[in-house]
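Biologist: I would like to go through this structure feature by feature. Please take each one in turn and show how to read it.

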Amino acid sequence: MGRFAFSLLLVLTAAVFASCLSTAEAPVHPTASAVPTPVESPEALPNSVPDSCPVTRPQNRSFVPSAAIALFPGHFWYGTPALSVQPRLHGHGSVDKLFWWSDGYDWRTEGKPNLAVTARRLDQPAPTVVASSATHAINGTDIGVAMLVGVSIPTMGCWEITGTYAGTTLRFVFWAP
């Protein structure tokens with residue numbers, strides 16, 4: 001009877017943890033025959049940010065990475081094979097963890113990627129924010145192999161995030177509510 005009770009407890013605990021996971025930010029899993037879906041035109045996107053904040057919007061010609069990496073709901077691909085990221089479609093929201101991808105990144109030889117990420121406020125003077133040291137993130141079912149940094153944006157406003165990796169710099173702008 002003790003083994004049965006222990007097994008039941010394990011199953012119930014796993015069910016409770018699974019129900020606590022948020023699916024709001026879960027990536028959309030790619031399929032083997034995934035074809036890039038067209039992104040709405042920037043004019044059709046909701047704009048709840050001030051006109052003075054030039055948030056990064058999807059480009060007409062959407063970049064899609066070479067690897068089968070999932071796209072987080074409400075995000076779009078931005079960058080090049082050398083360095084890419086997934087900003088939010090609507091240009092606003094919190095940023096605490098940022099995943100970055102590069103075709104040149106190999107987690108086996110560079111466990112702590114030499115990725116530098118900073119944030120600077122564009123609409124008012126504020127100190128530059130330096131992200132945490134980068135690490136690697138691996139999950140073959142959605143994000144593949146990515147570089148991960150933590151960024152703590154201290155105040156609301158218009159912010160530019162800059163990432164530099166292996167001689168490539170990528171910037172995007174968002175509104176922090």
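Biologist: Leaving aside its neighbours within four places in sequence, which residues is L98 in contact with?

Modeller: A note before the answer: this is a predicted model. Contact here means heavy atoms within 4.5 Å. On that basis, and with neighbours within four places left out, L98 is in contact with V85, M147, L148, V149, V151, I161 and F172.

Biologist: Which residues touch the most other members of the largest nonpolar core?

Modeller: A nonpolar core is a set of buried residues of listed nonpolar types, joined through side-chain atoms within 4.5 Å. The largest one here has 26 residues, and L98, W100, L115, V149, V151 and I161 touch the most other members. Two or more residues each come from β2 (83-85), β3 (97-101), β4 (115-121), β7 (144-150), β8 (157-165) and β9 (168-176). Strand β9 gives the largest share, four residues. Another core lies apart from this one; its ten residues include I69, F72, A146 and L148.

Biologist: What pattern do the helix and strands follow along the sequence?

Modeller: The protein chain has one helix and nine strands, and their order is α-β-β-β-β-β-β-β-β-β. For the contacts with a separation of 6 or more, 56% are between residues 24 or more positions apart. Of the 177 residues in the chain, 37% are buried.

Biologist: Which cysteines does a disulfide join?

Modeller: A disulfide is a covalent bond between the sulfur atoms of two cysteines. The count in this model is one disulfide. C53 is joined to C158, with S to S at 2.1 Å.

Biologist: Why is the disulfide of C53 and C158 called right-handed?

Modeller: The handedness is read from the torsion about the S-S bond, which is about 80° for C53 and C158, so this disulfide is right-handed.

Biologist: Are C53 and C158 buried or exposed?

Modeller: Both cysteines, C53 and C158, are buried.

Biologist: Which residues form a nonpolar patch on the surface?

Modeller: The patch consists of W107, I138 and V145, which together have about 230 Å² of accessible area. V145 belongs to strand β7. With a relative accessible area of 32%, V145 counts as partly exposed, because that class lies between the buried limit of 20% and the exposed limit of 50%. For the protein chain as a whole, the accessible surface is about 10,600 Å², and 60% of that belongs to carbon and sulfur atoms.

How values were computed
Residues are numbered from 1 along each chain as its sequence is written. This is a predicted model: local features need pLDDT of at least 70, side-chain atom pairs count only at pLDDT 80 or more; totals for chains, interfaces and linings use all residues. Side-chain values use heavy atoms; hydrogens and water are left out. Buried means under 20% relative accessible area, exposed over 50%, partly exposed in between (1.4 Å probe, protein chains only). Accessible areas come from the Shrake-Rupley method with a 1.4 Å probe; for residues, only the protein chains shown count as cover. A disulfide is a pair of cysteine sulfur atoms within 2.5 Å. Patches are made of residues with over 30% relative accessible area and no salt bridge: like charges are joined within 9 Å, nonpolar side chains (Val, Leu, Ile, Met, Phe, Trp, Tyr) within 5 Å. A salt bridge is a side-chain nitrogen of Lys or Arg within 4 Å of a carboxyl oxygen of Asp or Glu.
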